Amino acid sequence: MTAAPRRVAILISGGGSNMVKLVESMTGDHPARPVLVLSNDPAASGLDRARALDVPVAAVDHRPFGRDRAAFETALLQPLLEASPDVVCLAGFMRVLTPAFVARFAGRMLNIHPSLLPAYPGLHTHQRALDAGDAQAGCTVHEVTADLDAGPVLGQARVPVLPGDTADSLAARVLVQEHRLYPAVLRRFAAGDRTPVLLG
Ligand code: GAR
């Protein structure tokens, strides 16, 4: 008897290109299936892309909650728990989650971050890599823990920094690798294998 596919919810804030690659990867003998794409921005264009891929969508606008992150997260939890995901993938989700929220999905929430962690947690990763004169940049998929961008690494992909690179050109080169890395990590993770995926 084959195991039931792992249920995957994907959280986005914008265009959702990583979400599309994750959804497209979950076919055939893949051990997981997408059950929800959830955004903190009802206008996120990624929601339309998810609908076009026949994935259920929901949005919880964070703005009416102001600085009350706990109240926002209570609202965010409702559609998420209704979807009863086994795995939650943050894919360009640009809200910082509280430790209490993260704890609910301990060991089964992943994030993709556009740097070679532990270098450059937080924002403006590409500009910071350029400012430091780094020869390489890249992206990391990691388990989400209470500390921002600091959970165990599940995969990394590297790209060279090229002469004349700008933050935008570097971001575009890294994004190509994000689209390879995240599906590769999810496939492994959903099969119960936490061995890091190393690309590039
Ligand atoms: C990606 O580059 C992702 O690594 C980054 O946002 C972009 C989302 O693009 N995430 C973060 O910076 C998280 N702190 P997408 O919406 O096209 O997937």
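Buried means under 20% relative accessible area, exposed over 50%, and partly exposed in between (1.4 Å probe, protein chains only). The model on display is predicted: local features need pLDDT of at least 70, side-chain atom pairs count only at pLDDT 80 or more, and totals for chains, interfaces and linings use all residues. Residues are numbered from 1 along each chain as its sequence is written, and side-chain values use heavy atoms, with hydrogens and water left out.

Strands (E, at least two residues) and helices (H or I, at least four) are DSSP runs, numbered from the N terminus. M109, N111 and H113 lie on one side of strand 5, L110 and I112 on the other.

Next, select E143 and R194, which form a salt bridge with the closest N and O atoms 2.2 Å apart. A salt bridge is a side-chain nitrogen of Lys or Arg within 4 Å of a carboxyl oxygen of Asp or Glu. E143 belongs to strand 6 and R194 to the loop between helix 6 and strand 8 (197-199), 51 residues apart. E143 counts as buried at 11% relative accessibility, whereas R194, at 39%, counts as partly exposed.

Finally, select D165 and R173, whose side chains meet in a salt bridge (2.8 Å, N to O).
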